[in-house]
Each structure stands twice: as structure tokens, then as C-alpha cells.
Amino acid sequence: MTNLQRLALPAAALVFMGAGCISFSGGGADGGLFVTTNRGDTWEQRGAVVSVSGGQSLAQTNVLHIEQDPNDVLALYAATEQDGAFASWDGGVSWRMLGAPFAKSRVSVVATHPTDRCTFYVAGGQRIYRSFDCGRNWEMSDFEANASMTALAIDPITPSIIYAGNSRGDLLLSTDRGTNWRTVHRAGNVIVQLLALRVGGSSAVIASTERQGLLRSTDRGVTWESLRSGMESFASAFNVTTVVPIAQRPGSLLHASQFGLLRSSDLGSTWEAIPLLTKQGSVTVTAAAVDPQDRNRIVYATRSTFYRTSDGGKSWESKKLPTSRYVTALMVDRRSQEAVWMGTKFVEESKF
């Protein structure tokens with residue numbers, strides 16, 4: 001069991017109004033955040049950071065995760081590989097450092113509360129941080145395990161229940177809003193993502209591992225089952241990139257991996273392959289997203305190309321990516337079906 005230490009931040013770390021900012025376009029820094037307002041026809045680089053020290057940008061930052069607050073469509077969050085996390089409260093026009101305690105840490109994910117726009121949790125370095133006042137004050141966990149926190153999710157029905165995963169493959173559970181934690185399962189492989197979703201009147205959580213496929217819990221983390229058996233006919237599918245819910249279909253999931261795209265309608269028990277323009281298994285899908293308003297509108301990215309469909313995968317269009325970097329995250333903006341956010345990171349060519 002662990003508890004949280006309170007971190008009160010100085011006012012200078014919290015107040016950014018009036019500080020300068022810069023804009024940028026193209027140039028040598030072709031990473032960070034991008035947004036399209038026409039589903040990939042054209043892209044604009046975003047990430048001007050407002051800070052007390054003047055103008056900065058996210059153009060050379062490695063972005064790992066993008067989150068949109070379910071309570072405020074103008075509130076966006078970006079988690080980065082080495083520079084902490086950033087928040088935007090104007091729909092992505094300008095960005096601010098989210099928290100000084102994890103400013104120089106790897107932040108894998110920012111998890112937003114399903115009903116309270118000022119409550120969010122951060123998986124940063126070897127800690128979990130939480131704030132109940134829009135980031136003015138932070139509390140952090142005190143784990144003994146020497147492992148990086150890699151995944152985080154909030155139960156959509158009972159938000160006091162929080163799930164976390166780390167680089168040792170430990171799955172952790174808190175039932176008191178993150179005050180105390182306990183290990184409930186050891187997966188034996190890095191936990192790369194946790195997805196907590198509503199299925200009817202109950203909730204379920206899906207844990208993605210680095211090389212061993214998916215785990216599922218339908219009893220709020222008490223027991224976990226492997227979903228390997230339903231995926232064994234799809235080579236390389238165990239190397240999971242991301243799993244996302246399919247809009248308006250409780251229990252339906254989209255799975256992206258080295259194999260390509262898979263779809264499930266029964267919470268991961270069985271899967272079907274979605275036909276792509278490229279041969280299945282020939283390219284790795286690095287990121288994917290489903291329009292939250294229309295389950296048939298899917299987007300995904302490979303090493304150099306952005307793909308989109310409006311008919312559930314029966315036909316696809318491809319567009320050249322605006323960056324030479326690896327696409328790590330895609331998110332369809334809930335304000336517009338045409339708007340898609342993209343996060344990128346630098347990866348050496350030899351690692352592809």
C-alpha cells in the first residue's frame with residue numbers, strides 16, 4: 001500500500017497570463033503536434049507554449065499521448081517523452097506546462113476525470129500524480145518498485161477506481177482516487193496502455209502489453225484473463241500499438257499492431273481483420289483512432305502515410321504525412337469530425 005505526498009507549487013509555476021508566445025511553421029523542427037481540419041488533406045503544426053520565461057514550442061518534442069477532456073472540448077493534454085505534460089484550454093491554439101513536479105519526466109499518459117474537468121491524473125516517471133484543482137496543486141504517489149509508470153485509466157462508472165501499469169508488467173489498482181495503491185496482477189511484460197470503458201451498466205478494463213497481447217478484467221481489476229486465444233490467427237498482432245473503443249458500440253474495439261487493424265464486437269474475445277490498402281503484416285500501424293461520433297470513420301498512420309475511411313474500412317484513402325517522424329498518437333477532435341490531432345516522436349531509422 002502506498003499513499004500520496006502533497007506538492008504545493010509556487011505561484012510562478014502556475015500563472016502564465018501575459019507571457020509571450022511564438023508561432024512556427026515547417027523548418028527543421030518537424031515533430032511535436034499537428035492538426036488537420038480536413039481529415040488529412042493538409043496539416044498544421046501546433047504547439048506554441050506560453051511560459052514565464054517567454055516563447056517556446058513543442059516542435060522538437062516527442063509526443064506520446066493526446067487526450068481531450070470529456071467535460072470540456074477546448075481542454076487538450078499532451079504527454080511527452082522527456083519534457084513532462086502540457087495543457088491547452090483554448091482548443092490547441094496555445095499550450096502551457098501542466099505540472100512542475102514532472103516537468104522533466106517521461107509522461108506516458110494524462111487521464112482525465114469523466115465528470116470533473118479540474119481533476120486529472122498523470123503517469124510521470126516512476127510516480128503517479130493527481131490534481132483536484134486544475135493543476136494548481138499536485139500530490140504524488142510513493143512507490144517502492146523501481147519501475148516507470150507506463151499506463152493509466154479511470155473507471156468511467158466509479159471514478160474513484162484508478163488503474164495503472166508499469167514497465168515491469170505490474171497492474172496496480174486504487175479504489176480511493178489514487179490515495180492508496182496495490183498490485184493486483186503481474187503480467188510479466190511492459191504494460192503499454194490501459195483502456196477503461198463502459199459496457200452497458202458495468203465497466204471493463206483492457207491492458208495492452210508490449211509483446212504478449214491483451215489482458216481483460218470485467219470485475220474492476222480483481223481478476224485478469226488473457227485474450228491471446230482469440231488473436232492467434234493474426235501474426236504479429238501481439239505487438240500492440242493501441243486499442244481504442246469504437247463509437248456507439250459498447251464492447252467494440254479497434255486494435256492496431258504490426259499486423260494491421262483488427263476489430264472486435266465482444267470486448268476482445270474474438271477479432272476480425274479489417275482489409276487495408278497494404279498487405280496485412282507488411283507495415284506496422286503506429287497509431288489509430290475512431291471518430292467518437294461515427295464508428296465508420298477510422299484513421300490510422302504507418303511510417304510515412306496517413307489513411308482514412310468513411311465506410312468502416314471497405315475503402316481507404318491515403319495521404320502523405322507532413323513529418324518525417326514516427327506517429328505515436330491520433331485523436332479525432334470531438335468539436336469537428338474533420339479535425340484530427342497527431343502526435344509524433346523521433347525514432348532512429350534502424351529501429352523501424
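Mentor: One definition to begin with: two strands pair if DSSP finds at least two bridges between them. Keep in mind, too, that we're looking at a predicted model.

Trainee: Okay, which residue in β16 is the bridge partner of Tyr163?

Mentor: Start with the strands: β15 and strand β16 (residues 170-174) pair in the antiparallel sense over four bridges. Tyr163 belongs to β15, where Tyr163 and Gly165 point one way and Ile162, Ala164 and Asn166 the other. Across in β16, the bridge partner of Tyr163 is Leu173.

Trainee: And which residue takes a positive phi in the hairpin of β15 and β16?

Mentor: That hairpin has three residues between its strands. The one with a positive phi, near 90 degrees, is Gly169.

Trainee: What stands opposite Ile162 on the β14 side?

Mentor: β15 also pairs with strand β14 (residues 149-154), in the antiparallel sense and over five bridges. The residue standing opposite Ile162 is Ile154.

Trainee: How many residues of strand β15 are buried?

Mentor: Look at both faces of the strand: Ile162, Ala164 and Asn166 on one, Tyr163 and Gly165 on the other, and all are buried. Strand β15, residues 162-166, is mostly covered, and the count of buried residues is five of five.

Trainee: Is the disulfide left-handed or right-handed?

Mentor: The structure holds one disulfide, formed by Cys118 and Cys134 with their sulfur atoms 1.7 Å apart. The pair links distant parts of the chain, 16 residues apart: Cys118 sits in the loop between β10 and β11, and Cys134 in the loop between β12 and β13. Both cysteines are buried. The torsion about the S-S bond is about -70 degrees, so the disulfide is left-handed.

Trainee: Is Glu139 buried or exposed?

Mentor: Find Glu139 in strand β13, residues 137-141. Its side chain is joined to that of Arg130 by a polar contact of 2.6 Å. The cut-off for burial is under 20% relative accessible area. Glu139 has 15%, so it counts as buried.

Trainee: What distance separates the C-alpha atoms of Val35 and Val340?

Mentor: Val35 lies in strand β2, residues 33-36, and is buried, with a relative accessible area of 7%. Leaving aside residues up to four places away in sequence, Val35 touches Thr42, Trp43, Glu44, Arg46, Val340 and Trp341. Val35 and Val340 are 305 residues apart along the chain, yet their C-alpha atoms are separated by 5.7 Å.

Trainee: Last one: how many residues does the largest nonpolar core have?

Mentor: Among those with the most contacts inside the core are Ile206, Leu214 and Leu262. Strands β18 (191-199), β19 (202-209) and β22 (240-245) each supply at least two of its residues. Leu262 touches, among others, Met231, Phe234, Leu253 and Trp271, not counting residues up to four places away in sequence. The size of the largest nonpolar core is 17 residues.

Technical notes:
Residues are numbered from 1 along each chain as its sequence is written. This is a predicted model: local features need pLDDT of at least 70, side-chain atom pairs count only at pLDDT 80 or more; totals for chains, interfaces and linings use all residues. Side-chain values use heavy atoms; hydrogens and water are left out. Buried means under 20% relative accessible area, exposed over 50%, partly exposed in between (1.4 Å probe, protein chains only). A polar contact is a pair of N or O atoms within 3.5 Å; within protein, one must be able to donate a hydrogen and the other to accept it, and residues adjacent in sequence count only if both atoms are side-chain atoms. A disulfide is a pair of cysteine sulfur atoms within 2.5 Å. A nonpolar core is a set of buried Ala, Val, Leu, Ile, Met, Phe, Trp, Tyr and Cys residues joined through side-chain atoms within 4.5 Å. Contact means heavy atoms within 4.5 Å.
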